[in-house]
Amino acid sequence: MARAQGARAQMALAFESVYGTPPAADSYWRMPFASSSLGSEQPLLNSELLGYGRDPLPPVRDAITADGDVSVPIDLRFLGIWLKALFGAPTTTGAVAPFTHEFASGGWVLPSMSIEIGMPDVPHYAMNAGCVANSISWTMQRSGLVTATVNVIAQGETTGAASSAGTLTGLELQRFGAFNGSVSRDGSQLGSIVSGEITYSNNLDRIETIRSDGMIDGADPSVAALTGSINVRFADTVLLDQAIAGDPCELSFAYEIDADRRFELKAHAVYLPKARLPLEGPGGVQATFEWQSALDTVTGRMATATLINDQETYDNP
């Protein structure tokens, strides 16, 4: 008897034209991922009824919850698919490669996706329809693999013994390395950064209406949030002075192989809290700034994500 193994799993993704309706076969991307908890669950409610002795009556099924986290590489090409899910369709410029894809925060309409998780050994294929990207988070540091966690809220899940995605379209995977990373403040390289954490969230609001199938009606974006932290070796008072003054700055988190292969997230108006300066021994002193971004009145948005690569479009294949 075959047993499911993660090494044989595959993920297929396509953007929906109608929320909750999976696109036709052969129009899906083959997506790289490190782990996934995406799926549906339906808990059981214990019976509260009396009068039948000490043994309980059968439980009742509760509403269905379909969501989960997907760990994905921060790479040159596939990242654009997740950015489209998080921000909406990009503005793409360039007649020939390299193409510049610019994703802007603040959009009211987010595309929905169908994501199928396949385990062919069993076989078991779970199609999650009506998926909307809730958030993305990742850590910047000096070494290690560069991966992001994308949280997804789905409408529901259907399972079968055969794939509904058909033949998948792949892209050449080229990951960014940790050493490709940089952090800039107002256009200048910010020194003494030990690590940083970035989280962008759409703060989706589940529309939990009464339905016979137990699914949700949708997931609408609410007020977005872009937050994080930067751990800094205390070498000057630039960030501390800004925190005390209460003035915003622009922070840029980027990975760059060269000018034609680059990803950058700009937080246009970042506010810093005043941080403690703990002394924890004879070593260097580090400060942690838990920053948050807000609407910038000049650009008219909170954040801009820019991906430069040779991928012309992020429509379904």
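# A guided look at a predicted model

Guide: Welcome! Buried residues make up 42% of the 317 residues in this protein, and the model we are looking at is a predicted one. It holds two helices and 24 strands. The C-alpha atoms fill a box of roughly 70 × 60 × 40 Å, taken along the principal axes.

Visitor: Why is A303 called buried?

Guide: Buried means a relative accessible area under 20%. A303 has 0% relative accessibility, so A303 counts as buried. This residue is found in strand β24, which covers residues 303-309.

Visitor: What does A303 touch, leaving out residues up to four places away in sequence?

Guide: Contact here means heavy atoms within 4.5 Å. By that rule A303 touches F103, A104, S105, L226, L265, K266 and H268.

Visitor: What makes S229 buried rather than exposed?

Guide: The cut-off for buried is under 20%. S229 has a relative accessible area of 6%, so S229 is buried. You will find S229 in strand β20, residues 225-233. Not counting residues up to four places away in sequence, S229 touches S195, G196, E197, T288, F289, E290 and W291.

Visitor: And why is E41 called exposed?

Guide: Exposed means over 50%. E41 stands at 54% relative accessibility, so E41 counts as exposed. Its place is in strand β4, residues 39-41. Leaving aside neighbours within four places in sequence, E41 is in contact with A63, I64 and T65. E41 and D62 are 21 residues apart in sequence and 9.5 Å apart in space, C-alpha to C-alpha.

Visitor: What makes helix α1 "mostly covered"?

Guide: Nine of the nine residues of α1, which spans residues 79-87, are buried. They are L79, G80, I81, W82, L83, K84, A85, L86 and F87. The helix is followed by G88, whose phi is positive, near 105°.

Visitor: How do you know that the buried residues of α2 line one face of the helix?

Guide: Let us start with which residues they are: in α2, residues 238-245, the buried ones are L239, L240, Q242 and A243. Seen down the axis of α2, these buried residues fall within an arc of 160°, so they line one face of the helix.

Visitor: Which strands do the buried residues of α2 pack against?

Guide: They pack against β15 (181-185), β20, β21 (249-258), β22 (261-271) and β23 (286-293). After α2 comes G246, with a positive phi near 80°.

Visitor: How many disulfides does the structure hold?

Guide: The structure holds zero disulfides. To count as one, a pair of cysteine sulfur atoms would have to lie within 2.5 Å.

Visitor: Are C131 and C249 buried or exposed?

Guide: Set each value against the cut-off of under 20%. C131 has a relative accessible area of 0%, so C131 is buried. C249 has 2%, so C249 is buried too.

Visitor: What makes a space a cavity rather than a pocket?

Guide: In a cavity, a 1.4 Å probe fits but cannot get out, whereas a pocket is open. A search of the whole structure finds one cavity of 30 Å³ or more. The volume of the largest cavity is about 30 Å³. Its lining consists of L83, F87, I136, W138, Y200, F263 and L265. The elements giving two or more residues to that lining are α1, β11 (124-140) and β22.

Visitor: How do the residues lining the largest cavity divide by class?

Guide: They divide into seven nonpolar, no polar and no charged. Tyr counts as nonpolar in this scheme, and Y200 is one of the lining residues.

Visitor: What is known about the largest pocket?

Guide: The largest pocket has a volume of about 290 Å³. Its lining has 15 residues, of which G106, G107, S222, V223 and A224 lie nearest the centre. By class, that lining has 10 nonpolar, five polar and no charged residues. Gly counts as polar here.

Visitor: What share of the contacts join residues at least 24 apart?

Guide: Among contacts between residues at least 6 apart in sequence, 72% join residues at least 24 apart.

How values were computed. Residues numbered from 1 in each chain as written. Predicted model: local features only at pLDDT ≥ 70, side-chain atom pairs only at ≥ 80, totals over all residues. Heavy atoms only, no water. Helix = DSSP H or I, 4+ residues; strand = E, 2+ residues; numbered from the N terminus. Buried < 20%, exposed > 50% of the residue type's maximum accessible area, 1.4 Å probe, protein only. 1 Å grid on protein atoms, 1.4 Å probe; cavity = no way out; pocket = protein on both sides within 12 Å on 5 of 7 lines; lining within 4 Å. Points joined across faces, edges and corners; volume = space filled by probe spheres on them. Arc of directions from axis to C-beta.
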